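Please look over the sequence and structure first, then read the points below.

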Amino acid sequence: MKILLTGGCGFIGSNFVRFALGAGGDLSIVNLDALTYSGNPENLADLGDDNRYRFVKGDIRDLDLMAELIGECDAVVHMAAESHVDRSIIDARPFIQTNVLGTQTLLDALRRADPGNDKRFVHVSTDEVYGSLPLDRPDLLFTEDTPTDPKSPYAASKAASDFLVRAAVHTFGVNACITNCSNNFGPYQFPEKVIPLFVTNLIEGKKVPLYGDGLNVRDWLHVDDHCEAILAVLERGERGRTYNIGGNNERSNIDLTHQILAIMGFGDEMIQPVKDRPGHDRRYAIDAGRIERELGWTPSRSAWPLALRETIAWYKDNPQWWRRVKSGAYRAYYEQQYGSKA
Ligand code: NAD
Ligand code: DAU
């Protein structure tokens, strides 16, 4: 199978390339990526000249290019996105451009290149489309039937893209599935996201900026578990179906912070409380029962503290990767987001 992957130079995309090519099947990947601030070809430098992999620099809003590439491939895995909530609060427009207009352009290109609707299209989305769960109802989880209720501009743009995919399935019979996944962690994550941000700050001797009261909860999933779930949906998902993906691994931010500090040998003095994220979602938690029952997938690599310890070790072992990423434009973003607090 030849897959067109969008956004393959980002965090999940680059791990997906490595995971899928390592899975051993008869598989090749064309990676289409615009190389925005979070897209980094170094994430795939270790592939060398593997002839099952090809990189194309381009934008998912380029209809002709997308139709041409889809025409060459058997399936599409769509991950390209603006992905960071805090950036969407600073400026939502790039999120609408890529996540909404870009997804619609890909769907249009798919219909042009595949009028018979034979090619599988996997739309990689987020649990944030479901909104926020209360802390005092641990029994509540997001299921595929939870109403869409996005709370941040990022989540709203992803929810819009999910609706566009569903509309294409309903109206044109497009062969698409949607995945809604919880928070990922692992190697090559851009250090604007909480785990690589906190770990690399501590290695640099800087404090970690904890938002609000630190009680917000996220459901942490190792990126390789996510990649495995996407492959399962690609190969065995039912046309038009949505699959939730999660780690059964709920942690409050303060608990996460304490675990990182303990593993790295620091104390609470390294926590810098900062103003809360506006509209900060309180809790995400996934019921991944459908993908387990129907496709036989369960998370097997996400258990803490081992998986967290290994992820921290990767950032300790690869300072050249994140030091380059944290220079240049990253500094201006950091100053705007946190000032000189952390
Ligand atoms: P990322 O920001 O690390 O990577 C995004 C990639 O998309 C980058 O390589 C970037 O260059 C590329 N890109 C952006 N705009 C583009 C455009 N217009 N055309 C072509 N390429 C473009 O993001 P990530 O964390 O790897 O997330 C990947 C996908 O998974 C996103 O769709 C995100 O919504 C979803 N997701 C992420 C998580 C998570 O925890 N990170 C969880 C669930 C779902
Ligand atoms: O749930 C899936 C989503 O997970 C994905 O769709 C997004 O692309 C991904 O970025 C992630 O969103 P979050 O907003 O949950 O991730 P982030 O790493 O930004 O924040 C995780 C938690 O940590 C959140 O409650 C906010 C908190 N936080 C974050 C940062 C960056 C802090 O306390 N301090 C920080 O500096």
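Helices α2 and α4 cross in a right-handed sense. This is a predicted model, and the angle between α2 (residues 63-72) and α4 (residues 93-113) is about 50 degrees. Their axes lie 8 Å apart.

**Packing of α2 and α4**
- With that angle of about 50 degrees, α2 counts as oblique to α4.
- On the α2 side, the contact is made by Leu-63, Asp-64, Met-66, Ala-67, Ile-70 and Gly-71.
- On the α4 side, these residues meet Thr-105, Leu-106, Asp-108, Ala-109, Leu-110, Arg-112 and Ala-113.
- Sorted by class, the contact of α2 with α4 holds eight nonpolar, two polar and three charged residues.

**Packing of α4 and α5**
- Helix α4 also packs with helix α5 (residues 153-172), at an angle of about 15 degrees and with the axes 8 Å apart.
- Angles under 35 degrees count as roughly parallel, and α4 and α5 are therefore roughly parallel to each other.
- The crossing of α4 past α5 is right-handed.
- From α4, the contact involves Phe-95, Ile-96, Asn-99, Val-100, Thr-103, Gln-104, Leu-107 and Arg-111.
- From α5, the contact involves Tyr-154, Ser-157, Lys-158, Ala-160, Ser-161, Leu-164, Val-165, Ala-168 and Phe-172.
- The contact of α4 with α5 is made up of 10 nonpolar, five polar and two charged residues.

**Packing of α8 and α10**
- The axes of helix α8 (residues 253-264) and helix α10 (residues 306-317) come within 11 Å and cross at roughly 60 degrees.
- Helices α8 and α10 are therefore oblique to each other.
- Helix α8 passes α10 in a right-handed crossing.
- Gln-259, Ile-260, Ile-263 and Met-264 of α8 touch Leu-308, Arg-309, Ile-312 and Lys-316 of α10 in this contact.
- Five nonpolar, one polar and two charged residues form the contact of α8 with α10.

**Surroundings of ligand 1**
- There are 28 residues around ligand 1, and the nearest are Asp-33, Ser-38, Ser-83, Tyr-154 and Lys-158.
- Of these, Tyr-154 and Lys-158 also take part in the contact of α5 with α4.
- An oxygen atom of ligand 1 lies 2.9 Å from a backbone N or O atom of Gly-10.
- For Phe-11, a backbone N or O atom is 3.0 Å from an oxygen atom of ligand 1.
- For Ile-12, a polar backbone atom is 2.8 Å from an oxygen atom of ligand 1.

**Surroundings of ligand 2**
- Ligand 2 is surrounded by 26 residues, of which Asp-127, Tyr-154, Arg-277, His-280 and Tyr-338 are the closest.
- Tyr-154 is also listed among the residues nearest to ligand 1.
- The side chain of Asn-183 has a polar atom 2.8 Å from an oxygen atom of ligand 2.
- In Arg-218, a polar side-chain atom lies 2.8 Å from an oxygen atom of ligand 2.
- An N or O atom in the side chain of Asn-253 is 2.9 Å from an oxygen atom of ligand 2.

**Asp-46 and its contacts**
- Asp-46 sits in the loop between β2 (28-33) and β3 (53-57).
- Leaving aside residues up to four places away in sequence, Asp-46 touches Arg-18 and Tyr-188.
- Asp-46 and Arg-18 are 28 residues apart along the chain, and their C-alpha atoms are separated by 9.2 Å.
- The side chains of Asp-46 and Arg-18 make a polar contact at 3.0 Å.

Terms used. Residues are numbered from 1 along each chain as its sequence is written. Chains are lettered from A and ligands numbered from 1 in the order in which they are written. This is a predicted model: local features need pLDDT of at least 70, side-chain atom pairs count only at pLDDT 80 or more; totals for chains, interfaces and linings use all residues. Side-chain values use heavy atoms; hydrogens and water are left out. Axes are lines fitted to C-alpha atoms, for helices over the stretch in contact, and angles run from 0 to 180 degrees between N-to-C directions. Helices (H or I, at least four residues) and strands (E, at least two) are DSSP runs, numbered from the N terminus. Angles under 35 degrees count as roughly parallel, over 145 as roughly antiparallel, 65 to 115 as roughly perpendicular and the rest as oblique. A crossing is left-handed if the near helix is turned anticlockwise from the far one by less than a right angle, and right-handed if clockwise. Contact means heavy atoms within 4.5 Å. Ala, Val, Leu, Ile, Met, Phe, Trp, Tyr, Cys and Pro count as nonpolar, Asp, Glu, Lys and Arg as charged, and the others, Gly among them, as polar. A residue is near a molecule or strand if one of its heavy atoms lies within 4 Å of it. A polar contact is a pair of N or O atoms within 3.5 Å; within protein, one must be able to donate a hydrogen and the other to accept it, and residues adjacent in sequence count only if both atoms are side-chain atoms.
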